[in-house]
Amino acid sequence: MDASSKIPEGILFGTFSTFGSYDECIAVKPPEKHTQIQFIGQYCSINIQPILPENDRHFTIHNAFEKYPQLQKVLEEMNIDEDTMAYYYILKHRIGLCIPSTCTYEDVQNVTKNLANHFMAKISIGHCETSEKPPLTNGQIISIFGVFMAFAVVIIGSILDFFLRHRLDVDMDIEEIVRKNSNLKQFSYAFSAYRNTCKILNTSIPSNHLSALHGIKFLSMTWIMLGHVYYCKDYLTLAGLNRIRDLGSNFAFQVVLNTAFAADTFFFLSGLLVVYSTFQFLENNDGKFTIVGFYIKRYCRLTPAFLMISGVILLGPLIGSGPIWNETLEPFVTGCQNYWWTNLFYFSNFIPTDKTCVPHGWFLSCDMQFYLISPIIILGLYRRPKMGLLLIAIGIITSTASSGFITFVYDLPPVSLFSLPDQKDINEYLDTIGYKPYAHYAAYCIGMATGFLLSAKQKIPLGKWVQIIGWCLATTCCTLVVYGTWKWNSGNLPEWYISVAYATCSRAVWSLGIAWLVVTCYAGYGGIVNTILSWHGFIPLSRLSYLAYLIHPLLMYLYASYVRSPFYFSQYVVVYLYFGHLCVTFGLAFIFSLTFELPFLNLEKIISKRLDQNRRKRRASFTHYYPNWQHPEYPEIKDSVVLMRRRTDRFIT
């Protein structure tokens, strides 16, 4: 009895849960002298909800009982706040019950069923568990082996690199390592934690580097984490939930509620960089382009870390415990057991949100899907710029039009709104449009167009009035995109045509605002904004943004799942947690980057350079046996590859 829950205080102010003493319960064991008694403590979570009438799709807390005036009258007579009662559509009371392990799940289910009939309420079992751990699954064994091997290889590579550098005084760059074809040195170069740490912390950048992008990447990552620190938690762990329902009407809080636009910032940056970097590659390689290498490099950049986080999720049940630990992590663990392979092939964004392995992996799937079709546009921009720009325009129009059309057909909100708290409504929006590539392709295309502009123009002159008008338009439009949802999040849902208009234009308008910021910083008109974004301290942090994106939701869920008792909600507490998550996330991102990201990038670089070296040897052998051979169209070269145009002044025709 001592370990079971008692009636919590502050129920009418939004305290829905009392967990009891979880650790005391599962530590219960029979006295040693009573060997005939064979049981241990079993902790069961019980969910309790009042029986409420069925409600409409897209209901808000303020209009939940509009269809039931008699119920409204009864609640008024009982002096019960309608808004508080409406939260029972999405929340439930949680209590912890400590019972002997000899009581089966069916026994507890029968008791709760009888109590539900007696009290006319919905009573269900969340889960039951004891201190006994289940056996390891195949997925957990493979994950443990993979993580252990990754760290072991990095440690071995680091020791070998130290021995070569300090004992044998051997310190070569990658060109010399590949040329000497030493497997041992190549291994130490790829997996050395020291070398990779130097790469992360190196703040020297070339003259043609887009330095402002580092600041944009890091600040966008912190914005995403700010939104997730409110979202990635179980609200049963909070007391005083009545304070939360007013957040939607807080004007300043719209920045937190609309962090989804930070994802479109990353889509924009991805499109920009794929064009800008590929154009530089084409210029340095006489216009030669290998499509297989283009894809392999990206796949090696993303996949190892993506699979790593999938494996860590499978290990979730083994690394902690708590009254809501298993049921919070169970959906993700089940998703990884069933759909881990969707991360390998990058189409997890087409799996229902509540079944995915890594829910935030939708961004990587969309980005890879955009990357797969990007060579069509890149080569179009390089060979026939007008044709490439036409393809970009078609992509923007198709993306924006499809967003508006789907919003109209499925009667969706303009964005995921705070005033629509039902998880079914949220998942419907995410599965239909929020996590789908066609909704975000406009941002990617605008980024590609911006990358082409920066590649084609060494200097971009902007007059004084152009700067003033551009900054005013960009600031106004982006502010309207973020804060324009204020009334909707307060509970006043927009008309259908406003939802369609916002869904059609918001992501493209936001991306155009970011495009203006990047172009002005590149052209030298960014002023103090460019100075801040180009701060060299952002460079290492931006390099860790990919691992930080993968890690931070898992850390937040682990923290929320470990709590033993509800804590009182306040903005101070959440902001304090935010900065704690921020520091821990980037610290772990640094460690995992040394283990699951940079070694594979180094291996890809070594392999590509070795293949290039072999190609050069074959060409040298060809010209040795056929010294008089000339290319039919380019007699000045001895190469079988037709050159594409190189000079940037030919891009605009």
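Both Cys25 and Cys98 are buried. These two cysteines are bonded to each other in a disulfide, with 2.2 Å between their sulfur atoms. Cys25 belongs to helix α1 (residues 22-26) and Cys98 to strand β3 (residues 93-100), so the bond ties together parts that are 73 residues apart in sequence. The torsion about their S-S bond is about 95°, so this disulfide is right-handed. The model discussed here is a predicted one.

## Disulfides

How many disulfides does a search of the whole structure find? The search finds 3. The table lists the sulfur distance of each pair.

| Pair | Distance between sulfur atoms |
|---|---|
| Cys25 and Cys98 | 2.2 Å |
| Cys44 and Cys128 | 2.0 Å |
| Cys336 and Cys357 | 1.9 Å |

When the bonded cysteines of the chain are numbered in sequence order, the pairing reads 1-3, 2-4, 5-6.

Cys44 and Cys128 form a disulfide with their sulfur atoms 2.0 Å apart. Cys44 is in strand β2 (residues 41-50) and Cys128 in strand β4 (residues 121-129), so this pair ties together parts that are 84 residues apart in sequence. The S-S torsion of Cys44 and Cys128 is about 115°, so the disulfide is right-handed. The two partners can be described separately in terms of accessibility. Cys44 has 0% relative accessibility and therefore counts as buried. Cys128 has 24% relative accessibility and counts as partly exposed.

The link of Cys336 and Cys357 is right-handed, with 80° about the S-S bond. This pair links distant parts of the chain, 21 residues apart: Cys336 is in helix α13 (residues 325-345), and Cys357 is in the loop between α13 and α14 (362-383). Are these two cysteines buried or exposed? Cys336 is buried, with a relative accessible area of 1%. Cys357 also counts as buried, at 1% relative accessibility.

Cys103 counts as partly exposed because its relative accessibility is 26%.

With 46% relative accessibility, Cys472 counts as partly exposed.

## A nonpolar surface patch

Which residues form the nonpolar patch on the surface? They are Phe405, Phe408, Val409, Tyr410, Trp496, Tyr497 and Ile498, and together they have about 780 Å² of accessible area. Helices α15 (385-409) and α20 (496-523) each supply at least two residues of this patch.

Tyr410, one of the patch residues, is located in the loop between α15 and α16 (423-434). Its relative accessibility is 46%, so Tyr410 counts as partly exposed.

## Thr432

Tyr410 is also among the contacts of Thr432. Thr432 has its place in helix α16. Is Thr432 buried or exposed? Thr432 is buried, since its relative accessible area is 14% and buried means under 20%. A polar atom of the Thr432 side chain lies 2.6 Å from the backbone oxygen of Glu428. If neighbours within four places in sequence are left aside, Thr432 is in contact with Ile406, Tyr410, Leu412 and Tyr438.

## Asn349

Where does Asn349 lie? Asn349 is in the loop between α13 and α14, and Cys357 is placed in the loop between α13 and α14 as well. Asn349 counts as buried because its relative accessibility is 2%.

Which side chain joins that of Asn349 in a polar contact of 3.0 Å? The partner is Gln369. Gln369 is also named among the residues in contact with Asn349 once neighbours within four places in sequence are left aside.

Key:
Residues are numbered from 1 along each chain as its sequence is written. This is a predicted model: local features need pLDDT of at least 70, side-chain atom pairs count only at pLDDT 80 or more; totals for chains, interfaces and linings use all residues. Side-chain values use heavy atoms; hydrogens and water are left out. Patches are made of residues with over 30% relative accessible area and no salt bridge: like charges are joined within 9 Å, nonpolar side chains (Val, Leu, Ile, Met, Phe, Trp, Tyr) within 5 Å. Accessible areas come from the Shrake-Rupley method with a 1.4 Å probe; for residues, only the protein chains shown count as cover. A salt bridge is a side-chain nitrogen of Lys or Arg within 4 Å of a carboxyl oxygen of Asp or Glu. Helices (H or I, at least four residues) and strands (E, at least two) are DSSP runs, numbered from the N terminus. Buried means under 20% relative accessible area, exposed over 50%, partly exposed in between (1.4 Å probe, protein chains only). A polar contact is a pair of N or O atoms within 3.5 Å; within protein, one must be able to donate a hydrogen and the other to accept it, and residues adjacent in sequence count only if both atoms are side-chain atoms. Contact means heavy atoms within 4.5 Å. A disulfide is a pair of cysteine sulfur atoms within 2.5 Å.
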